[in-house]
Amino acid sequence: MRELYRRLRYLFRYRGNDNDLAEELEFHREMKLRQLERTGLDPVSAAAAARRALGNAHGSRQYARDVWIAPWLQEVAQDVRFGIRLLARERAFAAAAILVLGFGIGINNMFFTVLHAHTMRGLPLPSAERLLHISSFDERITDRPVSFAEFQDLRTGARSFTGLAAFMASPLTVGDEGRAPDRFEGAYVSADAFTVLGIEPALGRSFVATDDHVGAAPAAILGSGVWHSRYGGNPAILGRSILINGSAATVIGVMASASGFPSTAEVWLPLSRAAVLQPPRRDARTLRVFGRLRDGVSIEDARAEMQSIFAGWSREYPESSRGSQPHVVSLNDRVLGRSARDPTWLAFMAFGCLALLISCANVANLMLARAVHRGREIAVRASLGATRLRVIRQLLVESAVIAGTGAVVGVGVSLASVRLFRTTIPPNVLPYWLDYRMNAPVLGALAAGAIASVLIFGLVPALYASKDNIAAVLKAGGRGIVSARGPRRWMTTFTAIEVGLSVLMLSYLVRDVQAPRSDVASDARIETEDVLTAAVTLPVETYRDGEQRQRFYNRFEERLQLLAGSRSFALATALPRRGGTEQRLDVEGQARGAGDAAPSVWTVGITSQYFETLALPLERGREFTSADGASNAHTVIVNRRFVDLFFAGDDPIGKRIRLTPATLTNAPASAWLTVIGVAPSIRQRTPRVPDPVVYVPFAPLAPATANLLLRPGADQAILTAALRDEIRALDPNLPIYRVLTMAQVIEEVEWNGRVASRLVRMIAMIAFAFALVGLYAVTAHAVAQRSQEIGIRMALGAQASHVGRMVFARALLQVALGLALGLAGTLVWDATFGSGFEPQFTSPGVLASIAALLAAGTVAACAVPARRAVTLDPVVVLRTE
Amino acid sequence: MGEPTPPDLLPGTLELLILKSLTAGPQHGYGIAQHLLTVSDEVLQVGESSLYPALQRLLLKGWVRAEWGVSENNRRARYYSLTAAGRKQLTSERREFDRLIVAIQKVLDTT
């Protein structure tokens, strides 16, 4: 160990040591000379004698130096210098190899970083895999929440958990005396929720049992975002009384920035403060329940225990719990929505691997193209006595220089692309557990794969250093390797594989791009994306009943009318893409079979100008008027999808339906409602296929939260300010929040789905570009190899068009091979993962698009080499021989 | 790795001799060579091509240390001196060498 250290120190100050040695030897020579002079020799012959006696001074120095550094190490340094010089001369090749390697590593790493964050890393909580999520389902509803009464039963009855906690996400208003309130995502949590999760506040304390019962001193915990934006990050916030939803609460703690449980929450209140829990009805299911498994208890044990508890309820409370089953999954799986068998997930992984393969094949191809060029040089080296090992070492060092630089570029590209990707996500929608942090092992593995392909294929030229080959290579001049078919065949194979893989990815890309367009028939696209939207929530603490809320909305509409002038506006319980209320449907005259569950529809409460504001005219019938808001009007508007599903496309105007709340098991059905209009199918949720939606008049609902839609006209900032003023005039404690254009709303809702599509598109395009780079490299190389042949052909009278055709023919062969490979691959892929797309792969539109893209790509990739071939001057080419 | 051993000496002997000559005190390379020459009645002529690599090896092992000093004729010279490890090495190697000599003698005396 000490010896190694001394060696390293020597290397470190190599020059200094070398000078020391030189000076020392010079001193030695001088002393010797002096001694010889003393013995009586004349100075000249003494000097000669001294030198003779000492031998070669340079040799001595060399020997002494070799004690410290093995000579091979010095030679490697020489190789590195040589390699860099060589690459500096072949700038185009070096740049291509380094960029392909760098982007290959970087983009793939970004892909896997995002994939890892979304599907694998899981919650950033201690022993997150021991956290389970408990919900229920019955024959009608999947994924149903748990009621407060049920939660209390579970907490006292279940033995599998060290703690069971519940939460209910809800937006909350934070206000202070004399300051405009703000609206934040929030959650009501049971006292031990944070303890069960293992989250500690950054400041102050968490909730304790005494905070969480009716009549307790009101307490609240703030997120670091609110703390900074509203209170300037002042620690004096602890103990201060603020207004939450209009009533006072004392801040007892502040959470760290990455603790937005359950997703992007910024404010937390004890569960007992959630007004909807009173009175505790068994079938008022609004809570999400999770628990931490006791040591030694498996998830199966917990499932079995839950089964027996739910079975007990089924017997004991048949009217509210009959057929209710527990659904127990790990909180990680629930949040990530993942499953090992999930085909989308597998397809994604496979996609990433394909992209990686393409990059590796590309790098290999570039190295091969170069290898063929170097055959002659290697042969000359070998004939001058370079051993095979020496040649291999030099090639390895050169490859390592490329690989090293490429890896550095790769890390840079990953950092930049992850950052770029991050900027495409709308603010405030990123859940706390999503963290696009790079994963060192993944980056390492990617880099290792790419670098290995550089090193392996960088060694190919060494094959020509074998002794029996040299003569042949030299005799054949620069074209020596033409006779060696191996690498060329490999290059053709690699290019074909690359093209094939990128065809597979292109088929995905093309279908992904074409898919939304083919949906237009069933899904009305909201074209007026600059519609301004905003939300306002009336806290239950100050607006206790529907009547009070109704009065507020009436005054609000009057004021809005003044503000909007001639522009249309509407209020709605939910914006497009933002969900709705699930209800059970009965259609008059359509008897349900015994035991058949009532179908689900989604309801949205709207005011009179809703569709006009969205610039989506009704297909049939009329919009609501203020008369429909009267409690005895009983009118509804349904969407196109609804008509297709329940009236088989017949005219539904005048038909009657009945709605029943879905969350309550034995709720009374509504009166019969008459259909007065048919709206286009505006999606309320994210799946591609729109749901059946029933629009009901807004006024009788008098919901706690209303969304405002306003046709644009004036400057948005002015409009927003005016809107805030109007609301403040009505009630100074009400915040207006989520002031967004319709485009922003859709972007926010769909970003998660778009992440996938964006990633896949990006990767597919890069893979395609890589394949073209590969094609270019191979074609350019072929032209360079055959320049003499082409020269002779042209000297003998070949036409330019003939030469061009020759170049393209070869490229086309590879593309055709690749296309065949890719088409076969796509069929296999679709059979394995399911295409998930409406247009079939074999549809003419898709095939034509792919063919067009490939053709354009091939022309682009081959244009430069073909031009070079055509413009070759036979005289110059032949003279260089 | 091309380490030339002095033709007239057993491997490792030169190092032993250098260590021994340094017991008298710090000495520069030329001084060590002169010392070996005079003490051995001009038998051991150590060339610099073997002396300096040997000194470098000793430095590497940590048995000697080198410092720049001023020679008797007022020139800058590099003085080598024994380290504690070097002293220990000398005694153990001396013992080893004696054993070797006795063994060689025995072989040569037996016919």
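Here is a short tour of this predicted model, stop by stop.

**Stop 1: where the chains meet**

Color chain A and chain B separately and zoom in on the place where they touch. You'll find 24 residues of chain A in contact with 28 residues of chain B. Together, the two chains bury an area of about 2700 Å² between them, and carbon and sulfur atoms give 58% of that.

Now show side chains. Four salt bridges run between chain A and chain B. To see one of them, select A:Asp20 and B:Arg78: their side chains meet in a salt bridge, at 3.9 Å from N to O.

Which elements of chain A give two or more residues to the side that touches chain B? Select helix H1 (2-12), helix H2 (14-38) and helix H4 (57-66) of chain A, and you have them. H2(A) gives the most, with twelve residues. By class, this side of chain A has twelve nonpolar, nine charged and three polar residues.

**Stop 2: chain B by itself**

Chain B has four helices and three strands. Trace them from the N terminus, and the elements run α-β-α-α-β-β-α. Of the 111 residues in chain B, 44% are buried. Looking at contacts in chain B between residues at least 6 apart in sequence, 47% join residues at least 24 apart. The accessible surface of chain B is about 6400 Å², with 56% of it belonging to carbon and sulfur atoms.

While you're here, select B:Asp41, in the loop between helix H2 (29-39) and helix H3 (48-61) of chain B. Its phi is positive, about 55°, although B:Asp41 is not a glycine. Is B:Asp41 buried or exposed? B:Asp41 is exposed, because its relative accessible area is 63% and the cut-off for exposed is over 50%.

**Stop 3**

Bring chain A back. Here is some background for this stop: most residues other than glycine have a negative phi, and most peptide bonds are trans.

Select A:Phe261 and A:Pro262, which are joined by a cis peptide bond with omega of about 0°. A:Pro262 sits in the loop between strand E8 (247-254) and strand E9 (267-270) of chain A.

Finally, jump to A:Arg738 in strand E22 (residues 736-741) of chain A. A:Arg738 has a positive phi, near 50°, and is not a glycine. A:Arg738 is partly exposed, with a relative accessible area of 27%.

Conventions. Residues numbered from 1 in each chain as written. Chains lettered and ligands numbered in written order. Predicted model: local features only at pLDDT ≥ 70, side-chain atom pairs only at ≥ 80, totals over all residues. Heavy atoms only, no water. Contact = heavy atoms within 4.5 Å. Buried area = accessible area lost by both parts, 1.4 Å probe. Nonpolar A, V, L, I, M, F, W, Y, C, P; charged D, E, K, R; others polar. Buried < 20%, exposed > 50% of the residue type's maximum accessible area, 1.4 Å probe, protein only. Areas by Shrake-Rupley, 256 points an atom, 1.4 Å probe, with all protein chains shown as cover.
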